[in-house]
Amino acid sequence: MRRAAPVLPVLVVVALVAVPVAGPAGDGAAGSGTVADAASALLVLFCLVRVLRERARPLTRTAALVLGLPVFGVCVAAITSYDPVSSLPGVARYLQIFVLVPGALLLLIRDRRDFRLIAWSMVVLALVQGVVGVVQYLTGTGASYMGEDVRAVGTFGPTDVMGMATVVSYGLVAAVGLALGAGAEPGQGGGRDVPRRQRAVALGCAALLFLPLVVSFSRGAWIATAVTVTLQLALSGLRRAARVALVVAAFGVVLVGGLGIGSQMVSERLGSITEVTEAPDRSVTDRYTMWAAAAGMWRTDPVTGVGLKGFPAYRDSHSSVALSSGSDTAGAGKAFERQPLLSPHNMYLLVLSEQGIVGLLALAGSWAALLVLVLRRLPGARRGHTGFDCALVAAGLLIWQLVDFGYADIGGPSTVLTAVVLGLAAWWALDRRANHREDGGAVGAVQESGAA
């Protein structure tokens, strides 16, 4: 416990994501307050106290620039908003997810052991949610899907059907990275800090998480996970990628085809991905209509957008008659309810419509810089056998998030995990200790943190 004390607040935040939320999931701009959100605020406060106590320079100029870019776009959008007062909750939410919590992780993580501990906590959370989701599918107590209560949603309920899919995807991607990276590390020298059994345990966890991801029936999570795992395999070696791809394909055939687990519903859901133009379902029609509405808002205010939390107010004036009045939610212990469509379910279009081109360049520029820095350090980790598993986890989680943002945006109880993901990526990209051959576990978190 003493060894893990500096990152215990992070582990608490991850664990509290599993606490059920009684109210609706919230919108994409401000979200709804949860216990995990409150814990993330305490995490930032804890980090601030450490910085003041150490009296050391916390961040380098590179780290401050990369993490501080979103602040500029968010502040400009809030100042130029048609209703600045209503934009204030959105300012707090964006700073929490994209600046403060990632910055706190960058400062608190001391070495690769801390990094792995947080990654494993996400795997454990995913397993817990996955077990709940599979039970929901098998017993018919999940969220309503195609007239049956079989959609796995974990503890997030039918109002946040993407919550469990997101958590399980994070855990699966982290497990794959831990397994592939540990397999590349030798048993001595630079790989001395990698637990011997990490590869086998991580592979087992990844296999277990495959089923709850399937029965979540989340097309966006499927696409993002498939893209990410493929890239992780390619980065770890093409020969290994081919072997693992064959094993995964065989496992999928046995699970879905041989055992018949959700085979009809899964095939129909997969088929709907390619039917977005010919015969789209209601959810696809609503999504593309909202995307068009977001683009229309941007054309109206191309520089600074309509303001944070402005999408719901301007949605109807920029939407066609094809947009429905809301989405139907039921099951998982809740009665039928009509949920309003408060965001375009595309993070890039949400930022573009509410913050304009200034906000999108600032926020996406920060993510792009993180991705470049993460990938730039990956070859060195592979050659030097220093934290290659951490490199694959950081790269995988960041890539998954950037791909998934094409189908989802912030909002809901699982959003705080997005901040944790960005924090892990920021540490690997911006902290010089990430690539050290020997971890400096005894070094203070603030004294050397953030060095590029």
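User: Let's start with Leu-52. Where is the place of Leu-52?

Analyst: Leu-52 sits in helix 2, residues 35–54. Keep in mind that this is a predicted model.

User: Is Leu-52 buried or exposed, and why?

Analyst: Exposed, because its relative accessibility is 57% and the cut-off for exposed is over 50%. Leu-52 also belongs to a nonpolar surface patch with Leu-42, Leu-45, Leu-48 and Val-49.

User: Now salt bridges. How many does the count come to?

Analyst: The general idea: side chains of opposite charge can pair when their charged atoms come close. Here the count comes to four salt bridges. One of them joins Asp-37 to Arg-93, with the closest N and O atoms 3.0 Å apart. That pair links distant parts of the chain, Asp-37 in helix 2 and Arg-93 in helix 4 (residues 84–108), 56 residues apart. Both Asp-37 and Arg-93 are buried.

User: What about Asp-114: which side chain does it meet in a salt bridge?

Analyst: Arg-110, at 2.8 Å from N to O. Asp-114 counts as buried because its relative accessibility is 2%, and Arg-110 counts as buried at 7%.

User: And which side chain does Arg-113 meet?

Analyst: Asp-111, at 3.8 Å from N to O. Arg-113 is partly exposed at 40% relative accessibility, while Asp-111 is buried at 0%.

User: Last one, the strands. How many bridges join strand 1 to strand 2?

Analyst: Three, and the strands run antiparallel: residues 143–145 and residues 148–151. Ser-144 stands opposite Asp-149 of strand 2. Two residues lie between the strands of this hairpin, and Met-146 takes a positive phi near 55°.

Terms used:
Residues numbered from 1 in each chain as written. Predicted model: local features only at pLDDT ≥ 70, side-chain atom pairs only at ≥ 80, totals over all residues. Heavy atoms only, no water. Pairing = 2+ DSSP bridges. Helix = DSSP H or I, 4+ residues; strand = E, 2+ residues; numbered from the N terminus. Patch = residues over 30% accessible without salt bridge, like charges linked within 9 Å, V, L, I, M, F, W, Y side chains within 5 Å. Areas by Shrake-Rupley, 256 points an atom, 1.4 Å probe, with all protein chains shown as cover. Buried < 20%, exposed > 50% of the residue type's maximum accessible area, 1.4 Å probe, protein only.
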